[in-house]
Every structure is written in C-alpha cells, then in structure tokens.
Amino acid sequence: MSPDTAAQGRPIVEIEGLRKTYRVGFLMRPVEAVRGVSFTVNEGEIVGLIGPNGSGKTTTLKVLLGLCAPSAGGARLFGLDARDRRAREKVGFLPENPYVYPYLTPREFIDLGARLSSVDAGQRQRRVEEAMARTGIGWAADRRVGSLSKGMLQRTGLAAALVADPQLLVLDEPMSGLDPLGRREVRDLIFEERRLGRTVLFSSHVLGDVEALCDRVVILRKGQVLVSGVIRDLVRPSATLTELTLRAASEATRAAIDALGESTRLVRAVGDELVLEIAGDEALHQAIERALSTGARVAAAVPKKDTLEDLFVRQALKSGDEAA
Ligand SMILES: Nc1ncnc2c1ncn2[C@@H]1O[C@H](COP(=O)(O)OP(=O)(O)OP(=O)(O)O)[C@@H](O)[C@H]1O
Ligand SMILES: [Mg+2]
C-alpha cells in the first residue's frame, strides 16, 4: 500500500492491478483501456479520479461496479469481490450518461431506483422526496424525462444514486451538464455525504471542483496511474516561486526588472501595476530593491501556490502528451 493511502478508515474500494482490454471491430483489434491500475479509497474519504479523455476513468468505475469484467486484476468493494451483490447493494452509482427511461417522470424513475435497491416499502416515498429535494428536481418531478434538459437529467440520475442512502457513492462526472449553481449544489451534496460518514469516489474534468472537494486524487493517463496522492501534498505552496505585485511602477521600474533576466517573469501589467513571478529568494530581494529604488511600491509578495490544474498540465507535458 502506498503511503498516500494511509488509512483513515477501512478500505471501501480496493482496485488492484486492474487491466481491461476491449476487442473492437470485426478483427477484434485490442484496445488497452486500463493497464495495471491500483488504488484504494478508505471509509469517509472523497477521492477524485481525473485524467484526459480516454484515459480509462469510466472503464475503471465500470469494473468497480461489476458492469464489465476485468481482463486481469480486479476490484473489491467493502472487502468483497466487486461482483458480489451484497457489496453492490451499498453503492449508489451515477453513470457517465445516465440512461433514464424517457416515458417515466423523475419521480417514477427515482422510485424505480429505490425499488431495485430494495428500499423498505414504508420508507420509499419519503426517500424519493428527500432525494428529489437534495438534487433540486422537485419542481420537474412529474414531467416526462424525455423532455428534460441535460442538467435536469443529470440531477435525476444523481437522485436515483442517492435514494437508497448508500454507504459509497460512485459518480462518473457528476458535474457534467450542470450550470454553476447546479455544480455548487452537487459540491455541497458531496460534502454533506462526507459529513454523514459516507465515502465518495468520483471522476471529473472540473479540476477546481476536484481540488475543492477531494482528500486525494488519482490521475490516470493512457490507462495507468500517473500520480496519486493527498491534494495538499501534491499542490503545496512552491518553496521557490513568489508572486510580487508592484504599484506606481514606471518605465524605469520595468527596465530595472527586465534586467533581472530569466528568474523574473512578467505575469501582468495593468496601468502602473506590475505582477511578477520570481524564482528564488535572491532574485526576489533584488527585484524588491530595484523596484523601490525606482519609486515603485510593493503591494504584495505571496508564495505561489500550485493548483491541481497546474499539476495536471505539468504532468501531462512531462509525460510527453500527444493525444490522450
Ligand atoms: N465499450 C468499449 N469498447 C471498446 N473500446 C472502449 C469501450 N469503452 C471505452 N473504450 C476505449 O477505452 C479507452 C478508455 O475509455 P474510458 O471511457 O474508460 O475513458 P475516460 O477516461 O472515461 O474518458 P472520458 O474523459 O472521455 O470520459 C478509450 O480508448 C476508449 O475508446
Ligand atoms: Mg468517462
């Protein structure tokens, strides 16, 4: 077990040496969608699965849900084989493109989800109402699903995933198709699940949301784990880069800064304000001295913090990304 999986709670999801090769076309050409992926999700954690299009996120989640068979390796849920019905009963799943029967209403579809998950008959109506309220589809509860917008369909799928009060939520791109308010609502909903002691594994392309929500991330690329770890360790403040903001900067300030060479990069110049990115303490001191000597003021000097997006782009470039 890698250090970043240091247990908070017991492992709920264990993916070990997972490989999946699809056979496509008449000639059964092999497509290696997942090539030896391993990671763990512990009880009470929120873990984000990210990676470029086609990197194997959905395939990994499908194997986890027992929806497709692995070519090698495998997945365990709650300590049981992922194909074991007892394990799957504790999981709420939102597929990438939720298939919702077009002639049902959201209320009927969510109720169907509750029946399939064997929710107690006496509690079913209350659970359906709760799930609809949490996902904000109450107002469209009795429309035909076929007439709903993409975002409303997504919310219907999410409500169906939640209705049985699962211990583990597996969400394949839960923010997809949602407006900014909808995204915020889904974020709050995922946080609320954690507060309730639930475990969440979700895939997303919205890196800001992943950064805001997750304890850990797993970055896939071409079917392999490129990086995985605790977000605050992966995107810790840079020890060497500082963002320096100068005010009342003149042409002389600009020239003095330019003379510092490669250690100093101009990020933005608006009016008499300059924002610089400076590598190393020595260059920072020199920049401040020169700026002050030309009459500029130092408005801020802030250690530059990487974002998950910076990390993602850097890793993709480092590994020589062409198409995913
Ligand atoms: N049913 C299938 N048959 C054949 N190839 C498939 C099938 N499903 C996925 N693939 C291929 O497997 C690879 C991984 O696909 P997957 O859908 O798991 O990626 P993803 O990371 O979820 O991508 P996205 O971000 O676009 O959702 C891709 O090359 C894809 O074309
Ligand atoms: Mg996908």
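This is a predicted model: local features need pLDDT of at least 70, side-chain atom pairs count only at pLDDT 80 or more; totals for chains, interfaces and linings use all residues.
Of the 13 residues around ligand 1, the nearest are Tyr22, Ala33, Asn53, Thr58 and Thr59. Now colour by secondary structure: β1, β2 and α1 each give two or more residues to that shell. Which element gives the most? Helix α1 does, with three residues. If you colour the shell around ligand 1 by class instead, you will find seven polar, four nonpolar and two charged residues.

Next, select helix α1, residues 57-64. The helix lies across β1 (11-24), β2 and β4, and runs at about 115° to β1.

Hide the helix for a moment and look at the strands. How many strands form the open sheet? Four do, in the order β2-β1-β4-β5, with antiparallel pairing. β2 (29-42) and β5 (80-81) are at the edges; each has a single partner strand, so one side of each has no neighbour in the sheet.

Zoom in on β5 and its partner. Strand β4, residues 72-77, pairs with β5 in the antiparallel sense over two bridges. Show the side chains here and pick out Arg76, which stands opposite Asp81 in β5.

For the last stop, follow the chain to the loop between β1 and β2, where you will find Gly25. Is Gly25 buried or exposed? Gly25 counts as exposed because it has 7 C-beta neighbours inside 10 Å, and the cut-off for exposed is 12 or fewer. Finally, select Lys305 together with Gly25: the two are 280 residues apart in sequence and 47 Å apart in space, C-alpha to C-alpha.

Definitions and conventions: Residues are numbered from 1 along each chain as its sequence is written. Chains are lettered from A and ligands numbered from 1 in the order in which they are written. Two strands pair if DSSP finds at least two bridges between them. Two residues are in contact if their C-beta atoms, placed from the backbone, lie within 7 Å. Axes are lines fitted to C-alpha atoms, for helices over the stretch in contact, and angles run from 0 to 180 degrees between N-to-C directions. A residue is near a molecule or strand if its C-beta atom, placed from the backbone, lies within 6 Å of it. Ala, Val, Leu, Ile, Met, Phe, Trp, Tyr, Cys and Pro count as nonpolar, Asp, Glu, Lys and Arg as charged, and the others, Gly among them, as polar. A residue is buried if 20 or more other C-beta atoms lie within 10 Å of its own, exposed if 12 or fewer, and partly exposed in between; C-beta atoms are placed from the backbone.
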